[in-house]
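User: I'm new to this one and would like to know how the labels get decided. Could you show it to me and then take my questions?

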Amino acid sequence: MTHVKVEITAGLVRDLVRDQHPDLADRPVRLGARGWDNQLWRLGDDLAVRLPWATGSADALLRKEYSWLPTLAPRLPLPIPVPQRFGEPSERFPRPWLITTWVPGTPADRIPITRASDAAKSLATFLTALHQPAPSGAPAGRDRGGPLADRADGFAKALTSATERGLINDPDAVHAVWHDAITAPQWTGPALWLHADLHPANVLTSDGTFCGVIDFGDLCAGDPAYDLAAVWLLLPDDTDQFYAAYQPTPDTATMRRARGWAMARALAGILIGDAGVHGRPGGKPTWGPPAHAALQRLIATIR
């Protein structure tokens, strides 16, 4: 992770807003969160400023959100951060930035859902609305939404690393889930819109269920199995209620691929969580528990 050289402070955010969007300059500014790609600063009660800080790719991801989210947002049944203003690079801050709507709630890696049935239906309704054929100019996923086999090397390395660190008790069972998924028939339907980053830190909760979805930087078109992996990462119970509400009902091959993507993402979450526990760069300790829980649910499908 390469941090931007300019220190991001409340004062800097105020100056940027005053310089480029002076009609919003009187709003109070306070830190909201520091994410993987961006920092999020509250701008009053209903807006937020997103500034790239930790990855070189964040600039392009913000521009993508600004281009596509205003079109997608009206059809989505859960609140999402809709871009309102664009911030141009400047001498004060040499990277683009966004002003978006603020979505209230707490990330699911910090407060998991407790109303599982309601959450399953909410997630299914959201993904049904999102998973529509994307136009020909829609962005392609960096490494998401394509053939699962393309991730075979990365999966093997993650499994080896997690096993060597003592984080996986049954690597053979983990590999069995992966093997079943990677041998499933590939997606032959149209490329559908995908969020492509639906893990617990990007889905918000309130009153025991989902109340919003954030961080659409990886928005792309591809195989819906990638997003359907979120069923295993986000829901504490079996998937029947979700699949009863999601339309059209996925075929068996799609559900098998979804389990494979879920296992790959659970491994990544376990490693990121472990890095956070031990203070290593890029680590997030809250990612570990939901990832371990997802892995156990996935293993149970082959037993």
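User: How many positive and negative side chains does the chain have, and how far apart do the centres of the two sets lie?

Analyst: There are 30 positive and 32 negative side chains, with the centres of the two sets 3 Å apart. Lys and Arg count as positive, Asp and Glu as negative, while His and the chain ends are not counted. Each charge is placed at NZ of Lys, CZ of Arg, CG of Asp or CD of Glu. One thing to keep in mind: this is a predicted model, where local features need pLDDT of at least 70, side-chain atom pairs count only at pLDDT 80 or more, and totals for chains, interfaces and linings use all residues. Residues are numbered from 1 along each chain as its sequence is written, and side-chain values use heavy atoms, with hydrogens and water left out.

User: What does the secondary structure come to?

Analyst: Ten helices and ten strands. Those are DSSP runs numbered from the N terminus: helices are H or I with at least four residues, strands are E with at least two.

User: Why is the chain called as compact as a globular protein of its length?

Analyst: Set the two values side by side: the radius of gyration is 19 Å, and the globule rule gives 19 Å for 303 residues, so the chain is as compact as a globular protein of that length. The radius is taken over C-alpha atoms, and the rule is 2.2 Å times the number of residues to the power 0.38. Along the principal axes, the C-alpha atoms fill a box of roughly 60 × 40 × 35 Å.

User: What makes a residue buried, and what share of the chain is?

Analyst: Buried means under 20% relative accessible area, exposed means over 50%, and partly exposed is in between (1.4 Å probe, protein chains only). Buried residues make up 54% of the 303 in the chain. The accessible surface comes to about 13400 Å², and 52% of that belongs to carbon and sulfur atoms. Those areas come from the Shrake-Rupley method with a 1.4 Å probe, and for residues only the protein chains shown count as cover.

User: How many disulfides are there, and what is the rule?

Analyst: Zero by this rule, which asks for a pair of cysteine sulfur atoms within 2.5 Å. As for individual cysteines, Cys220 has a relative accessible area of 0%, so Cys220 is buried. Cys211, at 18%, is buried too, because that value is under the 20% limit.

User: Where is Leu235, and is it buried or exposed?

Analyst: Leu235 is in the loop between α7 and α8. Its relative accessible area is 3%, so Leu235 is buried. Leaving aside neighbours within four places in sequence, Leu235 is in contact (heavy atoms within 4.5 Å) with residues including Ile113, Leu123, Phe210, Phe242 and Arg297. Thr239 is placed in the loop between α7 (230-234) and α8 (240-245). At 10%, Thr239 is buried as well, because that is under 20%.

User: Why is Asp143 called partly exposed?

Analyst: Because its 38% relative accessible area falls between the 20% and 50% limits. Asp143 sits in the loop between α3 (116-130) and α4 (152-164). Beyond neighbours within four places in sequence, Asp143 is in contact with Arg151 and Trp261.

User: And which label does Ser90 get?

Analyst: At 28%, Ser90 counts as partly exposed, because the value is again between 20% and 50%. Ser90 lies in the loop between β4 (83-87) and β5 (97-101). Setting aside neighbours within four places in sequence, Ser90 is in contact with Leu16 and Gln20.

User: What about the backbone at Ala196 and Asp215?

Analyst: Most residues other than glycine have a negative phi, and most peptide bonds are trans. Ala196 has a positive phi of about 70 degrees although it is not a glycine. Ala196 is found in the loop between β7 (192-194) and β8 (203-206). Asp215 has a positive phi too, near 55 degrees, and lies in the loop between β9 (209-213) and β10 (220-222).

User: Which peptide bond is cis, and what is its omega?

Analyst: The bond from Gln247 to Pro248 is cis, with omega near -10 degrees. Pro248 is in the loop between α8 and α9 (252-277).
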